[in-house]
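Subject: Structure handover

Hello,

Here is the structure I said I would pass on. Please open it first, then read the notes below it.

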Amino acid sequence: MNATTLPSNEERQMLKDSLEGYLSSHWDYLKPDLAGIWQGLAELGLTALGSDPAYGGLREWLIVMEGMGKHACPAPLHGSFLANRLLVDAPALPLIDSLAKGGCAVGVALTEEGARLAERDSKLDGHLAIVDDLDQLQQLLVIDPALGVRLIDLNATGISRTTLPGLAVPALHRLDFCATPVQVLESNTHDLDRLARLGYCARALGAANRAFEMVVEYVKERQQFGQPIGRFQALQHKLADCITRLDGVRLTLANAAQSHDLGNPDWRFYASAAIAYASTALRQVSLEVHHSFGAIGYSEEHEAPRHFRRVHADLSRLGGARRARQELAAFLVDDGQRLPEYDLGQAGNAFRQEVRDWLKANWTDLHQSAYQQLPFAERKSVPKFTRALGKQGWLALGWPERFGGQARTPLEQLAFIEEVQQAGIPKPGGEIQGHALMQFGTPEQQAFFLPKIRAGEIRFCLGYSEPSAGSDLAAIRTTAVSDGDEWVINGQKLWTTFAEDADYLWLAARTDPTAKAHAGISLFIVPMNTPGITVHPSMALYGHTFCTEFLDNVRVPATALVGEVNQGWTIITSALATERVQMGGFVAHIRANYERLVAELRLRGADPVARDTLGQLAAEIEVARQLLGRSIGMLEQGQTPVYEAAMSKAFTAELMERLGEAALDLLGVSGTLGELAPDAPCGGKLEQVLRQSIMMVIGGGTNEIQRTLIAQRGLGLPR
């Protein structure tokens, strides 16, 4: 498909805005005028969606379905799109023109569990167990695996209807046929049910998101115990999880739709992943919304219940989450496929291949064997290999050219991160410090440190956390006192990774003890061989050491100060955003270990429970990749992903935990074996994943801190 013939991003935004404007001014859920709305939607061109890519493809339809869900408008656009997809193969039928003009409403019934149909002499007998939108339709297209496509005039003889009250509003129906005349259509039904499920997910997303927006405003105003309930941490974290789920669904649906419209053969995998995730995530959001509303949202007079009904009714259709997870498992286990690679654009794809080819020639042949033979606890950096990366210029991929960098795009940087992590290469250091020095460092600091970081010649460790200041860095007590041309530093730092091998300590210290919290902190670069520094390493759960540093009258020159005095908090927060994007980038590490688990279960045989688990994990990996991709895209546009990076970091870290725990469930006691145990599955790497996940959750600010940041910076909830 030629992308130039498809609607543009600007046109999609216009579509979204026009639909929003029309429904806001013409649709009233309490006083519905479905006939009038249907004609208006036709005048907007929405009843023709699906008949021609130039009018709009899957992306446009999902935008429309999300809008219909938001406004709880049950006009049968879901069926009209699917009908257009079927009827486009039979353009001589006048029905397609009538549908486009709003002259009739045509639905599509995909046979679900309980359907029984038989045909003789173009007469249909049997029944359809589930049909939606029936009260608004004049024609119905029935798709049956055995019969094919049949067109039924709903005013024909031999049809009886039974209303099925329940969650769905409008109610679903059962249709019974007795010698009902039908018209045979020759049409391609391949993937139609997958498209239908995506439409249901988009409509449920609109409904869930509308209810969520309402409850966010409610908790800002609702007073309990003398303050807005939106200030309570429990509610903030609950709603932070909700917005992460909503964004995960929105991003995965958008990726599936774009992949479909651009002819990417992996679109079916992306679609199943989006459906599998949405089918559970949106239901959970719907539940949490009602928990947050409390009793006020429990009345059917409130708007929230209609969205609750829509979400749960739509997401149970056509097999729901279980079917989508089975599809993902079949792709990976039965077909022996790997998780699809993303299209990173021409430059990103080319650079990914360049990195892959270079690693194949260098990492495997020169370093990997010796590195893998080391006990896990001794696997740290490989200085010779790090310098080789530096020689390629790949330790400064995103740096501006004026600092000696390659000015690679964020997508090219993502290509590098994914290839390095999947190859199991030790992470080079200096990214955080390099970016901070380019922004805040003096010309002398930049001239001395940046070339060494770029070449892989020096290594930093972070001196942030203290006994009384973990995630609460504003509470640090380590002091730095000016003494002539020097600073005298006293204090203690905890949980520092690789401090025994580092050349420099990137140190946060309090320089104004009278200032409030954040205001009195400064940052210093302290050589680790400075007199007065004592390092005590200890073994951490994840298999490497971390250290405690004692600083007793440590003297550094005035030039060790980064930025201005008391500017440390600004530098720290900027560096933390970078660190969280990098921690979100661990999704490639998760992906590599997930594929090891899949390969092991291919050999052992995956039972239905294992397949369901693998399908769910595959869907969540797709969500993690999309959350990371959004942060990368924001960086590419010159924006700072503050709460977006927090979403990526928190989701990815907890996904690593879920993968590690799932491996124990699926592999049993052998999943607890480490790399030194003979015949340990997956080389003993999965038990390492579980242990490492704890560090991912608490590092870079605990996930509780991330949720608070999401709630306050992303949702505007009160501090």
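A crossing of two helices is called left-handed if the near helix is turned anticlockwise from the far one by less than a right angle, and right-handed if clockwise.

The model is predicted: local features need pLDDT of at least 70 and side-chain atom pairs count only at pLDDT 80 or more, while totals for chains, interfaces and linings use all residues. Residues are numbered from 1 along each chain as its sequence is written, and side-chain values use heavy atoms, with hydrogens and water left out.

Elements are named by DSSP runs: helices (H or I, at least four residues) and strands (E, at least two), numbered from the N terminus.

Helix pairs

Helix H13 (residues 410-422) passes helix H17 (residues 587-604) in a right-handed crossing. Their axes are 8 Å apart and the packing angle is about 40°. Axes here are lines fitted to C-alpha atoms, for helices over the stretch in contact, and angles run from 0 to 180 degrees between N-to-C directions. Angles under 35 degrees count as roughly parallel, over 145 as roughly antiparallel, 65 to 115 as roughly perpendicular and the rest as oblique. H13 and H17 are therefore oblique to each other.

On the H13 side, the contact (heavy atoms within 4.5 Å) is made by Glu418, Gln421 and Gln422. On the H17 side, Val587, Ala588, His589, Arg591, Ala592 and Glu595 take part. The residues of this contact of H13 with H17 divide into 3 nonpolar, 3 polar and 3 charged. In this count Ala, Val, Leu, Ile, Met, Phe, Trp, Tyr, Cys and Pro are nonpolar, Asp, Glu, Lys and Arg are charged, and the others, Gly among them, are polar.

Is glutamate 595 buried or exposed? Glutamate 595 counts as buried, at 13% relative accessibility. Buried means under 20% relative accessible area, exposed over 50%, and partly exposed in between (1.4 Å probe, protein chains only). Leaving aside residues up to four places away in sequence, glutamate 595 touches Arg338, Leu339 and Gln422.

The other pair is helix H8 (residues 267-293) with helix H9 (residues 304-315), at an angle of about 160° and with axes 9 Å apart. That makes H8 roughly antiparallel to H9. H8 passes H9 in a left-handed crossing. From H8, the residues in the contact include Leu282, Leu287 and Phe293; from H9, they include Phe308, Val311 and Leu315. The residues of the contact of H8 with H9 divide into 9 nonpolar, 4 polar and 1 charged.

Sheets

Strands of a sheet pair through backbone hydrogen bonds, either parallel or antiparallel. Two strands are taken as paired if DSSP finds at least two bridges between them.

S1 (residues 106-110) is mostly covered, with 5 of its 5 residues buried. Val106, Val108 and Leu110 point one way from S1, and Gly107 and Ala109 point the other way. S1 pairs with S4 (residues 139-144) in the parallel sense over 5 bridges, and valine 106 stands opposite glutamine 139. S5 (residues 148-153) and S8 run antiparallel, joined by 3 bridges. In that pair, leucine 151 stands opposite glutamine 183.

Another open sheet of 4 strands has the order S2-S3-S7-S6, with antiparallel pairing. S2 and S6 stand at the edges with a single partner strand each, so one side of each is left without a neighbour in the sheet. Here the twist averages 10° from one strand to the next. S2 and S3 are joined by 5 bridges, and leucine 117 stands opposite glycine 126 in S3.

Loops

Aspartate 121, in the loop between S2 (116-120) and S3 (123-131), has a phi near 55°, a positive value in a residue other than glycine. Aspartate 121 counts as exposed, at 68% relative accessibility. Phenylalanine 498 also has a positive phi, near 65°, but is buried, with a relative accessible area of 17%. Phenylalanine 498 is found in the loop between S13 (486-497) and S14 (504-510).

Lastly, the peptide bond from valine 169 to proline 170 is cis, with omega near -5°. Proline 170 is in the loop between S6 (159-164) and S7 (172-181).

Regards
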